Amino acid sequence: VRVVIGEDSALFREGLVRLLGEHGHEVVGAVADAGDLAAAVRECKPDLAVIDVRMPPDLTDDGARAAQALRAEWPALPILMLSQHVETRHLAGLVSSGGFGYLLKDRVLRVDDFLDAMRRVAAGGSAIDPAIVAALLTPVRDDDPLSALTSREREVLGLVAEGLSNAAVAGRWCWPSAPSRRICAASSPSSGSTTARTPTAGCWRC
Amino acid sequence: VSRLRLELRDALTEVNASRSRLVAAAAEERHRLERDLHDGAQQHLVSIGMRLRSVQHRLRADLVAYRDLDEAVLGLEQTIAELRRIAHGVRPSRLDDGVGGARAGFGLTSLRDRIASVGGELTLHSPAGAGTSVRAEIPCAS
């Protein structure tokens, strides 16, 4: 996978370049300022952009805003956001379109899981951090529709929301994939179909 | 009397303003601490972990050192999670199975002060043996 990185911490950026290089990926561009991302993408034509949420110039959510601008200009470019902490407000708008991931930065330390997630996003799928999914799947009111799910259903919905395939979800319990498809359907109040998957918890909650 | 009333009103306005400033300063300080933890310590720990993973990648998986590095990185991950928890505090998701009997100590008093600083009011309902509810009413600008 050819990657453009947007990350202002030199230590983290270099670590990521090394990690990806060691596993057969190619970092074709790396910028430290959100304002330079579009130019890097235009020039390097990557398969994936990996972007830190908080970057210069403002050190707030510049990376997330740059990601939205990239999505508007190159709708097919997969984007993987990295964040230092759990937050869900940047998900809306990006998450429902596929080819999008949002992970906590320290997930890079689980190298295999991280590379899996990266490949999934690069292939047009999604990868949402388990901690962020958990925050989205916690019922906030007594009459929250999430309260109606059994704990197993909620667990399955969480894995689907992280971006795992039916087969991967089934693999967690050594099921054939049919029951997980059934539970996915049961876990999605907005969808009665057995084939339509709820793409992400974020999308479903919004 | 009207002059006294005016003076009293001015004094109260001043008290409210200074309370707002104190609350704003505390919030800013907390925000700065959170940012320092995220951008400083946490980011450094992740970078060290990536370094260790890079070393590990060059080792054969059946070596003892390979497993040792797994453990070292796991320790780092736990430390990062702990830092994240400290930076954000723990948010309770449910109230209905509490023990009640809460009294206004430092925490609730400072909450009450913050609400009061924007002209609002905080009420506490906490019968012993049942849940605790805290209600904050803040007037909107209109």
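The following paragraphs describe a predicted model, beginning with the contact between its chains.

The interface brings 24 residues of chain A into contact with 23 residues of chain B. The size of an interface is often given as the accessible area lost when the parts come together. Here chain A and chain B bury about 2200 Å² between them, and 52% of that area lies on carbon and sulfur atoms.

Polar interactions also cross the interface. There are 11 residue pairs in polar contact between chain A and chain B, counting pairs with both residues at pLDDT 80 or more. The number of salt bridges between the two chains is 2. In one salt bridge, Asp106(A) is joined to Arg84(B), with 2.6 Å between the closest N and O atoms. On the side of chain A that touches chain B, the most residues come from helix α1 (residues 10-22) of chain A, which gives 6. That side of chain A consists of 9 nonpolar, 7 polar and 8 charged residues.

Within chain A, consider strand β5 (residues 100-104). Because 5 of its 5 residues are buried, β5(A) is largely enclosed by the rest of the structure. In a regular strand the side chains alternate between the two faces of the sheet. In β5(A), Phe100(A), Tyr102(A) and Leu104(A) lie on one side and Gly101(A) and Leu103(A) on the other, and both faces are covered.

β5(A) pairs in the parallel sense with strand β4 (residues 79-83) of chain A over 5 bridges, and with strand β6 (residues 126-128) of chain A, also parallel, over 3 bridges. Gly101(A) is the bridge partner of Leu80(A), and Gly101(A) also stands opposite Ala127(A) in β6(A).

How values were computed:
Residues are numbered from 1 along each chain as its sequence is written. Chains are lettered from A and ligands numbered from 1 in the order in which they are written. This is a predicted model: local features need pLDDT of at least 70, side-chain atom pairs count only at pLDDT 80 or more; totals for chains, interfaces and linings use all residues. Side-chain values use heavy atoms; hydrogens and water are left out. Contact means heavy atoms within 4.5 Å. Buried area is the accessible area (1.4 Å probe) that two parts lose on being put together, summed over both. A salt bridge is a side-chain nitrogen of Lys or Arg within 4 Å of a carboxyl oxygen of Asp or Glu. A polar contact is a pair of N or O atoms within 3.5 Å; within protein, one must be able to donate a hydrogen and the other to accept it, and residues adjacent in sequence count only if both atoms are side-chain atoms. Helices (H or I, at least four residues) and strands (E, at least two) are DSSP runs, numbered from the N terminus. Ala, Val, Leu, Ile, Met, Phe, Trp, Tyr, Cys and Pro count as nonpolar, Asp, Glu, Lys and Arg as charged, and the others, Gly among them, as polar. Buried means under 20% relative accessible area, exposed over 50%, partly exposed in between (1.4 Å probe, protein chains only). Two strands pair if DSSP finds at least two bridges between them.
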